[in-house]
Amino acid sequence: ILVWEILESESDLWQMLGACDALENALKDLKHAQRRLERLATYVLIKTHFNALQAVSYNADGKPVLANGQFISISHSGPFVGIIISRTHAVAMDIEQIESLKASESSRISRIAQKFLNPAEQAFISAYSSVEQVWMQTVVWSAKEVLFKLYSKGGVDFKEHLHIRPFTPGPFTMLDSHITKPDFKAAFRLHVEHHQRWMMVFGCINERID
(Lines give C-alpha, C1' and ligand atoms only; values in the text may rest on other atoms or scores of the structure.)
Protein backbone atom coordinates (compact mmCIF):
# COMPACT_ATOMS: atom_id res chain seq x y z
CA ILE A 1 0.00 0.00 0.00
CA LEU A 2 1.35 3.41 -0.98
CA VAL A 3 -0.23 6.84 -0.40
CA TRP A 4 0.87 10.12 -1.99
CA GLU A 5 -0.14 13.68 -1.15
CA ILE A 6 0.04 15.72 -4.33
CA LEU A 7 2.02 18.87 -3.55
CA GLU A 8 3.87 18.96 -6.89
CA SER A 9 3.04 20.60 -10.19
CA GLU A 10 2.36 18.54 -13.29
CA SER A 11 5.86 19.27 -14.59
CA ASP A 12 7.34 18.11 -11.25
CA LEU A 13 5.50 14.78 -11.53
CA TRP A 14 6.61 14.33 -15.14
CA GLN A 15 10.18 14.91 -14.02
CA MET A 16 9.81 12.11 -11.46
CA LEU A 17 8.43 9.78 -14.10
CA GLY A 18 10.80 10.59 -16.94
CA ALA A 19 9.96 10.49 -20.64
CA CYS A 20 7.19 8.04 -21.54
CA ASP A 21 5.50 8.46 -24.92
CA ALA A 22 2.80 5.88 -24.14
CA LEU A 23 1.76 7.70 -20.97
CA GLU A 24 1.83 11.09 -22.69
CA ASN A 25 -0.46 9.71 -25.40
CA ALA A 26 -2.77 8.19 -22.78
CA LEU A 27 -3.13 11.54 -20.98
CA LYS A 28 -3.32 13.88 -23.95
CA ASP A 29 -7.14 13.81 -24.05
CA LEU A 30 -7.53 14.18 -20.27
CA LYS A 31 -8.30 17.88 -19.95
CA HIS A 32 -9.20 18.16 -16.24
CA ALA A 33 -6.05 19.40 -14.45
CA GLN A 34 -6.76 17.62 -11.13
CA ARG A 35 -7.45 14.32 -12.90
CA ARG A 36 -4.14 14.63 -14.75
CA LEU A 37 -2.32 15.20 -11.45
CA GLU A 38 -4.07 12.18 -9.90
CA ARG A 39 -3.15 9.96 -12.85
CA LEU A 40 0.46 11.11 -12.82
CA ALA A 41 0.76 10.65 -9.04
CA THR A 42 -0.65 7.13 -9.46
CA TYR A 43 2.11 6.31 -11.92
CA VAL A 44 4.70 7.82 -9.56
CA LEU A 45 3.48 5.37 -6.89
CA ILE A 46 3.61 2.46 -9.34
CA LYS A 47 7.14 3.42 -10.40
CA THR A 48 8.13 3.76 -6.73
CA HIS A 49 6.87 0.24 -6.01
CA PHE A 50 8.29 -1.58 -9.05
CA ASN A 51 11.25 0.73 -9.71
CA ALA A 52 9.88 0.94 -13.26
CA LEU A 53 6.73 2.15 -14.96
CA GLN A 54 3.93 -0.36 -15.47
CA ALA A 55 1.05 0.41 -17.79
CA VAL A 56 -2.48 0.38 -16.33
CA SER A 57 -5.44 -0.66 -18.44
CA TYR A 58 -9.07 -1.27 -17.50
CA ASN A 59 -11.09 -4.44 -18.04
CA ALA A 60 -14.73 -4.70 -19.11
CA ASP A 61 -15.87 -4.10 -15.50
CA GLY A 62 -13.78 -0.91 -15.24
CA LYS A 63 -11.27 -2.60 -12.93
CA PRO A 64 -7.63 -1.44 -13.26
CA VAL A 65 -5.17 -4.07 -14.48
CA LEU A 66 -1.36 -3.87 -14.41
CA ALA A 67 0.59 -4.86 -17.51
CA ASN A 68 2.72 -7.30 -15.48
CA GLY A 69 -0.36 -9.25 -14.37
CA GLN A 70 -0.31 -8.17 -10.73
CA PHE A 71 -3.46 -6.88 -9.05
CA ILE A 72 -3.99 -3.20 -8.25
CA SER A 73 -6.66 -0.93 -6.82
CA ILE A 74 -6.48 2.87 -7.04
CA SER A 75 -8.25 5.56 -5.03
CA HIS A 76 -8.02 9.34 -4.68
CA SER A 77 -9.62 12.03 -2.55
CA GLY A 78 -8.60 15.68 -2.48
CA PRO A 79 -4.81 15.82 -2.78
CA PHE A 80 -4.38 12.19 -1.71
CA VAL A 81 -3.84 9.24 -4.04
CA GLY A 82 -3.44 5.66 -2.88
CA ILE A 83 -2.72 2.28 -4.46
CA ILE A 84 -2.73 -1.26 -3.15
CA ILE A 85 -0.91 -4.00 -5.10
CA SER A 86 -0.91 -7.78 -4.73
CA ARG A 87 1.02 -10.40 -6.66
CA THR A 88 -1.58 -13.10 -6.02
CA HIS A 89 -5.11 -11.86 -5.26
CA ALA A 90 -7.58 -9.17 -6.26
CA VAL A 91 -7.45 -6.26 -3.80
CA ALA A 92 -9.43 -3.08 -3.22
CA MET A 93 -8.92 0.18 -1.37
CA ASP A 94 -10.71 3.46 -0.80
CA ILE A 95 -9.09 6.63 0.55
CA GLU A 96 -11.02 9.60 1.91
CA GLN A 97 -9.77 13.04 2.83
CA ILE A 98 -10.76 14.08 6.36
CA GLU A 99 -12.79 17.27 6.14
CA SER A 100 -12.21 20.24 8.46
CA LEU A 101 -15.71 21.21 9.53
CA LYS A 102 -17.14 24.11 11.50
CA ALA A 103 -19.74 23.38 14.15
CA SER A 104 -22.55 24.51 11.83
CA GLU A 105 -21.44 22.34 8.89
CA SER A 106 -22.08 18.73 7.96
CA SER A 107 -19.68 16.52 6.05
CA ARG A 108 -20.19 15.53 2.42
CA ILE A 109 -20.66 11.91 3.44
CA SER A 110 -23.08 12.76 6.26
CA ARG A 111 -25.28 14.57 3.74
CA ILE A 112 -25.69 11.39 1.68
CA ALA A 113 -25.62 8.91 4.60
CA GLN A 114 -29.31 7.98 4.21
CA LYS A 115 -28.50 6.68 0.71
CA PHE A 116 -25.96 4.07 1.84
CA LEU A 117 -26.63 3.30 5.54
CA ASN A 118 -29.12 0.52 6.24
CA PRO A 119 -31.21 0.56 9.46
CA ALA A 120 -28.84 -1.74 11.38
CA GLU A 121 -25.84 0.47 10.55
CA GLN A 122 -27.76 3.63 11.46
CA ALA A 123 -28.69 2.07 14.81
CA PHE A 124 -25.16 1.24 15.99
CA ILE A 125 -23.70 4.50 14.69
CA SER A 126 -26.36 6.60 16.45
CA ALA A 127 -25.08 5.45 19.85
CA TYR A 128 -21.91 7.55 19.43
CA SER A 129 -21.20 11.28 19.65
CA SER A 130 -21.80 13.52 16.62
CA VAL A 131 -18.06 13.72 15.90
CA GLU A 132 -17.67 9.95 16.11
CA GLN A 133 -20.74 9.49 13.92
CA VAL A 134 -19.14 11.49 11.08
CA TRP A 135 -16.02 9.33 11.31
CA MET A 136 -18.03 6.10 11.40
CA GLN A 137 -20.19 7.16 8.46
CA THR A 138 -17.00 7.83 6.53
CA VAL A 139 -15.65 4.41 7.45
CA VAL A 140 -18.86 2.68 6.35
CA TRP A 141 -18.94 4.61 3.07
CA SER A 142 -15.30 3.75 2.39
CA ALA A 143 -15.81 0.10 3.36
CA LYS A 144 -18.75 -0.20 0.98
CA GLU A 145 -16.63 1.30 -1.80
CA VAL A 146 -14.10 -1.48 -1.11
CA LEU A 147 -16.82 -4.16 -1.20
CA PHE A 148 -18.13 -2.69 -4.46
CA LYS A 149 -14.64 -2.97 -5.96
CA LEU A 150 -14.13 -6.52 -4.67
CA TYR A 151 -17.44 -7.59 -6.22
CA SER A 152 -16.55 -5.59 -9.37
CA LYS A 153 -19.59 -6.54 -11.45
CA GLY A 154 -21.72 -3.42 -10.91
CA GLY A 155 -25.45 -3.35 -10.25
CA VAL A 156 -24.90 -2.85 -6.51
CA ASP A 157 -27.21 -1.01 -4.13
CA PHE A 158 -24.95 0.19 -1.29
CA LYS A 159 -27.83 0.17 1.18
CA GLU A 160 -29.39 -3.17 0.27
CA HIS A 161 -26.51 -5.35 -0.92
CA LEU A 162 -23.53 -4.19 1.18
CA HIS A 163 -23.49 -4.55 4.97
CA ILE A 164 -21.01 -3.49 7.69
CA ARG A 165 -21.29 -5.11 11.09
CA PRO A 166 -20.93 -3.01 14.30
CA PHE A 167 -17.43 -1.82 15.11
CA THR A 168 -15.70 0.45 17.62
CA PRO A 169 -14.06 3.73 16.51
CA GLY A 170 -10.27 3.67 16.55
CA PRO A 171 -7.27 4.68 14.42
CA PHE A 172 -6.69 1.07 13.33
CA THR A 173 -9.81 -1.05 13.07
CA MET A 174 -10.89 -4.31 11.47
CA LEU A 175 -14.40 -4.56 10.04
CA ASP A 176 -16.57 -7.57 9.37
CA SER A 177 -18.67 -7.03 6.26
CA HIS A 178 -20.75 -8.95 3.78
CA ILE A 179 -22.14 -8.76 0.27
CA THR A 180 -25.61 -10.16 -0.36
CA LYS A 181 -26.37 -10.25 -4.08
CA PRO A 182 -28.57 -12.91 -5.70
CA ASP A 183 -25.54 -14.17 -7.63
CA PHE A 184 -22.91 -13.65 -4.91
CA LYS A 185 -22.90 -13.93 -1.12
CA ALA A 186 -19.66 -13.55 0.84
CA ALA A 187 -18.29 -12.05 4.05
CA PHE A 188 -14.96 -10.23 4.20
CA ARG A 189 -12.67 -8.80 6.86
CA LEU A 190 -11.64 -5.25 5.94
CA HIS A 191 -8.94 -3.03 7.44
CA VAL A 192 -9.20 0.65 8.43
CA GLU A 193 -6.39 3.13 8.98
CA HIS A 194 -7.26 6.61 10.24
CA HIS A 195 -4.65 9.36 9.93
CA GLN A 196 -4.86 13.06 10.74
CA ARG A 197 -5.93 14.28 7.30
CA TRP A 198 -7.03 11.11 5.55
CA MET A 199 -8.29 7.62 6.20
CA MET A 200 -8.49 4.45 4.17
CA VAL A 201 -10.15 1.06 4.08
CA PHE A 202 -8.64 -1.86 2.20
CA GLY A 203 -9.33 -5.55 1.67
CA CYS A 204 -8.43 -8.63 -0.32
CA ILE A 205 -10.68 -11.12 -2.10
CA ASN A 206 -9.15 -14.03 -0.13
CA GLU A 207 -9.83 -12.49 3.32
CA ARG A 208 -13.21 -14.18 3.48
CA ILE A 209 -14.70 -14.97 6.87
CA ASP A 210 -17.83 -16.85 5.75
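**A close look at one helix**

Analyst: In helix α3, the buried residues are Arg-36, Leu-37, Glu-38, Leu-40, Ala-41, Thr-42, Tyr-43, Val-44, Leu-45 and Ile-46. "Buried" means a relative accessible area under 20%, while "exposed" means over 50% and "partly exposed" is in between, using a 1.4 Å probe and protein chains only. Before going on, keep in mind that this is a predicted model, where local features need pLDDT of at least 70 and side-chain atom pairs count only at pLDDT 80 or more, though totals for chains, interfaces and linings use all residues. Residues are numbered from 1 along each chain as its sequence is written, and side-chain values use heavy atoms, leaving out hydrogens and water.

Helices here are DSSP runs of H or I with at least four residues, strands are E runs of at least two, and both are numbered from the N terminus. An α-helix has 3.6 residues a turn, so residues three or four places apart point the same way.

How long is α3? Just past the end of α3 comes Asn-51, with a positive phi of about 60°.

For comparison, let's turn to α7, which runs over residues 130–151: its 22 residues reach 31 Å from first C-alpha to last, close to the expected 32 Å. In α7, 16 of the 22 residues are buried, so the rest of the structure largely encloses this helix. Ser-152 follows α7, and its phi is positive too, near 65°.

Now zoom out. The whole chain has 7 helices and 10 strands. Its radius of gyration is 18 Å, close to the 17 Å that the globule rule gives for 210 residues, so the chain is as compact as a globular protein of that length. This radius is taken over C-alpha atoms, and the rule is 2.2 Å times the number of residues to the power 0.38. Of the chain's 210 residues, 46% count as buried. The C-alpha atoms fill a box of roughly 55 × 45 × 30 Å along the principal axes.

Definitions and conventions. Expected span 1.5 Å × (residues − 1).
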